[in-house]
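User: I am new to this structure and would like to go through it with you. Could we begin with the core?

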Amino acid sequence: MPRKVWAVLQVRAAEGGAEVARMSWEAIAAAQRLAALDGGKAAAVILGSGLGALAEQVAKKDLAAVYTADAPALAAYTPGAYVSALAPALAAGKPDLVVFPHSYQSVDYVPRLAQAAGTGLLPEVTGFAEEGGGLVWTRPILGGKMQAKVRIQGEGTVLVSVQAGSFPADGAADGASPAPVEPLGVDLSTVKADREVLGVERVGGEKIDLTKADVIVAVGRGVGGADKLGPVEELAKALGAEIGASRPVIDNGWLPRDRQIGSSGQTVAPRLYLAVGISGAIQHLVGMKGSATIVAINKDPGAPIFTVADYGIVGDLHELVPALTVAVREAKGQG
Amino acid sequence: MRIAVCIKQVPNTEARLRIGKDGRWLNEEDLQFVINESDEYALEEGLKLAEASGGEVVVFTLGPERVRDALRKALAVGAARAVHLKDPAFEGGDALATGRALAAAIRREAFDLVLTGSQSDDLGYGGTGSVVAGELGWPHAWLVMGVEIEAGGKSAKVTREMESGMNEIVRLSLPAVLEVQAGINHPRYASLKGIMAAKKKETAEVTASDLGLDPATVGAAGSRLAIVSVSLPEGGAGAQMIEGDAQAAAKTLVERLQKEARVI
């Protein structure tokens, strides 16, 4: 029996209905690859309200079916609503693997779904391979400093979330003809929110748009304190760069939140990105790995930032940053 | 309010990490252990909420003997008591198995709120608190950046972090489980007085049988995941590493940025 693989898409409200978040195409790509291991086809599941046009769009992909749970009660995301719609569908459909994009929304509800539906849970997968008659999955551990290879044990469905960028969205293949769109087949009258959604707000008002910066000097925890930022500011000035930061710098109050780069901050892709004292947790890497040239300075040769960098220097940033400022000024004839 | 805070002791990832002999985990002998970062913030949030309402914090953890250090630290900063889930049967669990065990221990008392960190810095499953919520039948929220207790403790207005610099504001009925994100507050340090007082505070040890749990449903036996091996991450092409003292390395880097990458 081929594996039965579903992908549950992340949908967001948009003008004129709903749209699929980009990461959802990555979940489809991963599900297609998993199903293809033994010649099967994946199915997609979409939850929301007013899904007609969206389902047609998804059905163009090479899928066995597109299942929709379309009800006003699913217009706004809450874990309660999503779990109450999906748990009975998992019980009835018994898929082997259900793929989700690993997003802030899915981490909020997928563990709860696994608990409610009695399935397994395999979060933040970056890859898989068939080894020794079974699948071996790869996922980051220890903030990306190491990776673990993991096997699934026991029987029954496992919910798998795939890390952003691990299964490129353009890998989601189109089908020869549209896939059938069918109702998910659960009683949506029992769908019930477990929280009241009061609204959204922008954090601290985004005063600085780092996405337009040509050169960024980004600092991490390794800089050691707000009082030690002076030399970094000098370097940024010499390079004509904006200053960015990884999350710990913001959490410690060394720089304002509008300087944060990463999954909960801004996503940037400048011509030159200089990471100073940033170890490179995955939440930071997703926000900057598209930069054209990446330089990393860190005292730890094992820091994951070096895996995405083009140039690396292992050493004490408090010595290297002033030395770099001098070298940049000389090179630019400002010395 | 009576508040349970679940914490985890994790390896200090800033220190050097070496893979153990069996290749399936780190060599624990040369590790330093600390309280998981987001759990420290959860503990601080719990202490603040307990102080504001005249309540108390009970801290829960699961692990071998060494995790007593984490409990001692939590007691020193102000938790009233500690519960240590200590049983080889609890070890090696995934988020579901660990969440089941913690929920069974929490359920023995009456709490208004359970707080945890949003994700562990070692295994990073990010789901244990949500599983606890499911087991207890309570609402939950993950990645919490603000908590405001309302209606005399009947509900909470919660700020949740979303992607791209946005927050979502939601209201949950209490009791609930809140999974706190790092940065929500400023965790306090233990005072000498606190450290002394902690020595007199109670830490209860509980086993699977104390909680009425079948050992096959918790720990490695109750998990759907088994770690086969750990290794250094597979990078891309890898960085061109530049050697030399600070001045020489800086000069070489700037030359390459000018001549190879042409970005200066």
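Analyst: The largest nonpolar core holds 82 residues, and those with the most contacts inside it are A:Ile46, A:Val58, A:Tyr109, A:Leu113, A:Trp137 and A:Leu159. A nonpolar core here is a set of buried Ala, Val, Leu, Ile, Met, Phe, Trp, Tyr and Cys residues joined through side-chain atoms within 4.5 Å, buried being under 20% relative accessible area (1.4 Å probe, protein chains only). This is a predicted model, in which local features need pLDDT of at least 70, side-chain atom pairs count only at pLDDT 80 or more, and totals for chains, interfaces and linings use all residues. Side-chain values use heavy atoms, without hydrogens and water.

User: Which residues is A:Ile46 in contact with?

Analyst: Beyond its neighbours within four places in sequence, A:Ile46 is in contact (heavy atoms within 4.5 Å) with residues including A:Leu9, A:Val11, A:Val58 and A:Val66. Apart from this core lies another, of 39 residues, among them A:Ala241 and B:Ala246.

User: Now the chains: what area is buried between chain A and chain B?

Analyst: About 7000 Å², of which carbon and sulfur atoms give 57%; buried area is the accessible area (1.4 Å probe) that two parts lose on being put together, summed over both. A:Tyr104, A:Leu142 and A:Tyr311 supply 11% of the area that chain A buries against chain B, more than any other three residues.

User: And how many salt bridges are there between chain A and chain B?

Analyst: There are 4, a salt bridge being a side-chain nitrogen of Lys or Arg within 4 Å of a carboxyl oxygen of Asp or Glu. B:Arg160 forms one with A:Asp108, with the closest N and O atoms 3.6 Å apart.

Terms used:
Residues are numbered from 1 along each chain as its sequence is written. Chains are lettered from A and ligands numbered from 1 in the order in which they are written. Buried means under 20% relative accessible area, exposed over 50%, partly exposed in between (1.4 Å probe, protein chains only).
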